[in-house]
Amino acid sequence: MLDDDQPMTPRSLAAVQSVAVILGLCAAPAAAQPAPSVVTLKAPDGLTLRATYYSPGKPGPGVVLLHQCNRDRTAWAEFATAAAMRGYHVIAMDYRGYGESEGNRYESPQEQGPVINEKWPGDVDAAFAWLVAQPDVDRNRIAAAGASCGVNQSVLLASRHPEVKTVMLLSGNVTAPAREYLRDSAWMPVLAAASHDDGTALDGMRWILGWSRNTSNKLVEYEKAGHGTDMFAVEKGMQPLMLDWLDAHLRNAPLKPVTSQAPAPATPVEAFWTTLTGPGGPAKARVLFDQARGSNSTTALFPEPEMNAYGYELLQEGRNDDAIVVFTMNVDAHPQSPNTYDSLADAYLAAGKRDDALRFAEKTLAMLEKDTATPADFKAQIKESAERKIAELKRW
């Protein structure tokens, strides 16, 4: 240390200058990471899609990000930037009809359904193909992450491309083909997250993981974080957790998954649904359901919407008694949901059991009065359905 009152000699001046040069070199900024760039994609039918590419500026794995249906690709911007800083090449796309992509803007999920099923897979593949074509992307190490309606698309992307080694799923659901892929791909680890304040989303995510036999799967539960990528704003540890997951299960994982010779046993969820959809299924599945409840198991054998949909499939097939069994299980599993009682009333009405139908339609209205979880527009639909049945039944 130099004394301020001591004159500086040529030798000491040279020493100070040398130290200054060294400090200057240490403080020199690292090479700047490339700024995100807007990408134009072509869907299989020629529609123009927009995406954003985040590059780390060096070789590394890739990540495909798929947004929820009430957002666009910008919902992933903060996470994508952090992932690029961690060394991942990231592409976040706008679905057709969203953000800057071309396509019709639909007002209801019913209108959009055929587009989601028939067009989105090809659109997602266009983003995947663009990403793996970049020279610094390790095309054998790709991950997919989806929020809400992006959950199913992420799993389906993995089913079409074995380069996808892991998926991260936020607050969504999956179709039968995606469930079957999870069931048959025990090698692929799945990270899932949802919040208790997000309707049935947490039960749905728990059910999705119940189809996979991978022992590394992880479910992250939050209390009041909201839906999909909206959770990032509330739970600040969520993005680092997801990045650590990518490090462990993508970048640092074996390129070829390690599997045992013996196949993993069926999960309780798989066993339940295999039984439910088999011969004499509802009655046999009821036994499994009661056994699970008696053991205080935390496994979600079915989410409310999925069971409800299956019950109506049975009604359409004329299997009214089986539908009653299915809807009754749904009531027992979700006793606070007015919709479960309304659906059971429908089944009793179809079976010609008018007293039971009236009883559960009236129970629906009673449950609606104290329900605070169901969205207002859906509550109105349930109320209309129950009141219509009550009016019809009381005329008889």
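## A walk around the sheet and its helices

Start by selecting residues 238-251: this is helix 9, and it lies across strand 3 (60-66), strand 5, strand 6, strand 7 and strand 8, running at about 160° to strand 6. Helices (H or I, at least four residues) and strands (E, at least two) are DSSP runs, numbered from the N terminus. Angles run from 0 to 180 degrees between N-to-C directions, with axes being lines fitted to C-alpha atoms, for helices over the stretch in contact.

Before you go on, bear in mind that this is a predicted model, where local features need pLDDT of at least 70 and side-chain atom pairs count only at pLDDT 80 or more, while totals for chains, interfaces and linings use all residues. Residues are numbered from 1 along each chain as its sequence is written, and side-chain values use heavy atoms, leaving out hydrogens and water.

**Zoom out.** The protein has 16 helices and eight strands. Its C-alpha trace spans about 110 × 50 × 50 Å along the principal axes. The radius of gyration is 27 Å, whereas a compact globule of 396 residues would have one near 21 Å (taken over C-alpha atoms; the globule rule is 2.2 Å times the number of residues to the power 0.38).

**Now colour the strands.** In what order do the eight strands of the open sheet come? The order is 1-2-4-3-5-6-7-8, with mixed pairing; two strands pair if DSSP finds at least two bridges between them. At the edges sit strand 1 (37-42) and strand 8 (218-222), each pairing on one side only. Neighbouring strands are turned by 20° against each other on average, direction ignored.

Strand 1 and strand 2 (residues 48-54) run antiparallel, joined by six bridges. Pick Ser37 and you'll find its bridge partner in strand 2, Tyr53. The hairpin has five residues between these two strands, and Gly46 takes a positive phi near 95° there.

**Hop to strands 5 and 6.** Residues 137-147 and 164-170 pair in the parallel sense over six bridges.

**Select 120-132 and 149-160.** Helix 4 and helix 5 pack at an angle of about 65°, their axes 10 Å apart. They are therefore roughly perpendicular to each other (angles under 35 degrees count as roughly parallel, over 145 as roughly antiparallel, 65 to 115 as roughly perpendicular and the rest as oblique). Show side chains: Trp120, Pro121, Val124, Asp125 and Phe128 in helix 4 meet Cys149, Gln153, Leu157 and Arg160 in helix 5.

The axes of helix 10 (residues 268-276) and helix 11 (residues 281-294) come within 7 Å and cross at roughly 155°. These two helices are therefore roughly antiparallel to each other. Among the residues making the contact are Phe272 and Leu276 of helix 10, and Leu288 and Phe289 of helix 11.

Notes:
Contact = heavy atoms within 4.5 Å.
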